[in-house]
Amino acid sequence: MGSMQEQYEYRFRSMTMEDLPAVCAIEQENFTQPWSKQGFADALAQNNTELIVCDADGIPVGYCVAYITYDEADIVIVSVSSSYRNQKIATTMLEKLIEILKGRGVTALTLEVRASNASAVHVYEKLGFVNEGIRPNFYKAPTEDAVIMWLRDRVDESRTRF
């Protein structure tokens, strides 16, 4: 399948209401407790959020959602359609999101990730996120611990890109 996707031109941009049918389809595909269309619409309407998508020839194939509180942001969703994984879409979306959030004055980012999701943990670590704890039984369906990861603006750490 990889050769089909390589023909697409990927574009990273702000999410719009028109993206919600495709975004919700990916959400249903990837999560046992997906956000609703109204949940995404509500997030789009707020000033303290950043929602970005990656589209392939105009069709969303991935997205990220972050909530901003003062100088911190919580990345609550990073999702890529299963047909488009392993093409650095999540990494590139996160790099773009970090750049946008930094421009909005954010100096620290956090997220939770399923403890069993080694590929996602690897992506976050490559971007400079560090494991700072565990939230026991954070996820449901199935019940699983979350790894709490942070990326902080530290000028003394050369690995941190933030």
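Colleague: Which residue is the bridge partner of A108 in strand 7?
Modeller: R152 in strand 7 is the bridge partner of A108. This is a predicted model, where local features need pLDDT of at least 70, side-chain atom pairs count only at pLDDT 80 or more, and totals for chains, interfaces and linings use all residues. Residues are numbered from 1 along each chain as its sequence is written, and side-chain values use heavy atoms, leaving out hydrogens and water.
Colleague: In what sense do strand 5 and strand 7 pair?
Modeller: Antiparallel, over seven bridges, between residues 108-114 and residues 144-152. Pairing takes at least two DSSP bridges between two strands. Strands (E, at least two residues) and helices (H or I, at least four) are DSSP runs, numbered from the N terminus.
Colleague: What is the strand order in the open sheet?
Modeller: The order is 1-2-3-4-5-7-6, with mixed pairing. Strand 1 (10-14) and strand 6 (130-139) each have a single partner strand, so one side of each lacks a neighbour in the sheet.
Colleague: New topic. Which residues of helix 2 are buried?
Modeller: L20, V23, C24, I26 and E27, in a helix spanning residues 20-30. Buried means under 20% relative accessible area, exposed over 50%, partly exposed in between (1.4 Å probe, protein chains only). Those buried residues fall within an arc of 160 degrees, so they line one face of helix 2. The arc uses directions from the helix axis to the C-beta atoms.
Colleague: Which residues are exposed on the other side of helix 2?
Modeller: P21 and Q28.
Colleague: What do the buried residues of helix 2 pack against?
Modeller: Helix 3 (37-45), strand 2, strand 3 and strand 4. Contact means heavy atoms within 4.5 Å.
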